[in-house]
Amino acid sequence: MTSRFIALEDIADISAGNPAPQDAADFSEDGQPFVRMQDVGREHHTRTLTHTADKLTADAVRRNRLRLYPAGTLLIPKSGASINLNHRALLARDAYVVSHLATVVPDTSRVDADYLYFWSLTYDPRSQAQTTSLPSLPTSLIKSARIPLPPLSEQRRVVDLLSRAEGIVRLRREAQRKAAELVPALFLEMFGDPASNPKGWQMYRIDELLERFEGGKNLQAGDDESATYRILKISAVTSGRYIESESKPAPNDLIPAQSHFVRTGDLLISRANTEALVGATAIVDRTDGRTLLPDKLWRFVWRSDTAIEPKFALHLFQQPAIRNKLSQLASGTGGSMKNISQAKLKTLELPVPPIELQRQFAAKADAVRGIAAQQAAALATAQATFDALLHQSFAVS
């Protein structure tokens, strides 16, 4: 696209939002929308921001002399940690806006609001932010940003093209979300909620099912990224999926014990993390053979006579009722890190259905995960196509 580049301030009114009122009485359920950072960050990138957690009373608007920003205003984080996340939002309704956000009100006689939004996805001011205890991005830098400005007819053609590509990404993301919900729904259909155990499965304590837990050592990371061995971080399991890249180099002189190696098929559990994440579990679907357990991740070693299918156990431990019990078993005075002892974990009672039913579930879950993997690949392709079109549409020519 051949077009001239001009300063953003030449085609838009750029300022900061309003200081947030501090009195709880200034907010009400039926008030006017007040956009905060968390509202912009909810979707990371959105052209349809309408929902806000807070709403202002008419009296608060009047007393604080707050400015109402029109639909079509572009919002860019200008202070705080959200600068580093590079969120973007376009107001889809008139709203009041917090001062931590820069407001870009386009001159619609010269620039299409959606065109401005799509351009902003290519604008990354993070390297320009002032790095202090609270990062900040001066509005003067935003004002001086350069934007290609073809005629409005060409802008609308670009918007139409990118809207179509964006729509495909949105549909793929929704399909992936729905695929991710299938396995938990299948679990509840086959086994019921473990909180109430409606199907009356026999209850077992973990120490009746388990021979032992195995973990690694507490080791400082090595300084050589090409080290022979790597040690998992607890973040390798916190998502519920095993992510082997979440690891650190082991010391070069380490000679690990065989029991410290991660193995395909391992069910791992985090014994230490925040209250919300302690007890997170994941199954090792594959490993490179040189990755080691840390001291904060344990491997379940089941008794030989135990009728447990690891994939069933994984989803059992991921059920909200069991996650809640794990959090209750955790101890620790720090607000950020909790720990579960082996002794306490072994007292946890679990409903265990017949092994054949567990295996049926595992087979169905594998099929669903295959669908989810296809959706993830389709989403990646759609996102890559959108990103390429975005770059092409706003590249310097």
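Phe187 and Phe312 are both buried, where buried means under 20% relative accessible area, exposed means over 50%, and partly exposed is in between, with a 1.4 Å probe and protein chains only. Before I go on: this is a predicted model, in which local features need pLDDT of at least 70 and side-chain atom pairs count only at pLDDT 80 or more, while totals for chains, interfaces and linings use all residues. Residues are numbered from 1 along each chain as its sequence is written, and side-chain values use heavy atoms, with hydrogens and water left out.

Back to the rings. Rings of Phe, Tyr and Trp (for Trp, the six-membered ring) pair if their centres lie within 6.5 Å; planes under 30 degrees apart count as stacked, over 60 as edge-to-face, and the rest as tilted. There are 16 aromatic pairs in the structure. One of them is Trp119 with Tyr123: the ring centres are 5.2 Å apart and the planes are at 10 degrees, so this pair is stacked. Trp119 is buried at a relative accessible area of 4%, and Tyr123 counts as buried at 9%. Phe187 and Phe312 also form a stacked pair, at 5.7 Å centre to centre and 15 degrees between the planes. This pair links distant parts of the chain, since Phe187 is in helix H6 and Phe312 is in helix H8 (residues 310-317), 125 residues apart. Helices here are DSSP runs of H or I with at least four residues, strands are runs of E with at least two, and both are numbered from the N terminus. Phe187 and Phe312 belong to one aromatic cluster together with Phe191, Trp201 and Phe361.

**Empty space**

Where is the empty space? Rolling a probe the size of a water molecule over the atoms shows where it is left. The search uses a 1 Å grid over the protein atoms alone: a cavity is a set of points where a 1.4 Å probe fits but cannot get out, a pocket is an open set with protein on both sides within 12 Å along at least five of seven lines, and lining residues have an atom within 4 Å of a point. Grid points are joined across faces, edges and corners, and a volume is the space filled by probe spheres set on the points.

By this rule there is one cavity of 30 Å³ or more. The largest cavity holds about 40 Å³ of space, and its lining includes Phe187, Phe191, Trp201 and Phe312. H6 and H8 each supply at least two residues of that lining.

The largest pocket has a volume of about 890 Å³. It is lined by 22 residues, and the closest to its centre are Gly240, Arg241, Leu314, His315 and Arg369. Which helix gives the most to this lining? H11 does, with six residues.

**The cores**

A nonpolar core is a set of buried Ala, Val, Leu, Ile, Met, Phe, Trp, Tyr and Cys residues joined through side-chain atoms within 4.5 Å. The largest has 36 residues, and those with the most contacts inside it are Leu8, Val104, Phe118 and Ile142. Among the elements that each supply at least two residues of this core are strand E2 (12-16), strand E6 (74-77) and strand E9 (101-106). A second, separate core has 35 residues, including Leu209, Phe213, Phe317 and Ile340.

Is E9 enclosed or open? Six of its six residues are buried, so E9 is largely enclosed by the rest of the structure. Leu101, Thr103 and Val105 are on one side, and Ala102, Val104 and Pro106 are on the other. Strands pair if DSSP finds at least two bridges between them. E2 and E9 run antiparallel and are joined by five bridges, with Ile14 opposite Val104. E6 and E9 are also antiparallel, over four bridges, with Pro77 opposite Leu101.

**One last residue**

Ile269 lies in strand E15 (residues 267-270) and counts as buried at 1% relative accessibility. Leaving aside neighbours within four places in sequence, Ile269 is in contact (heavy atoms within 4.5 Å) with residues including Phe213 and Phe317. Ile269 and Arg241 are 28 residues apart in sequence and 11 Å apart in space, C-alpha to C-alpha.
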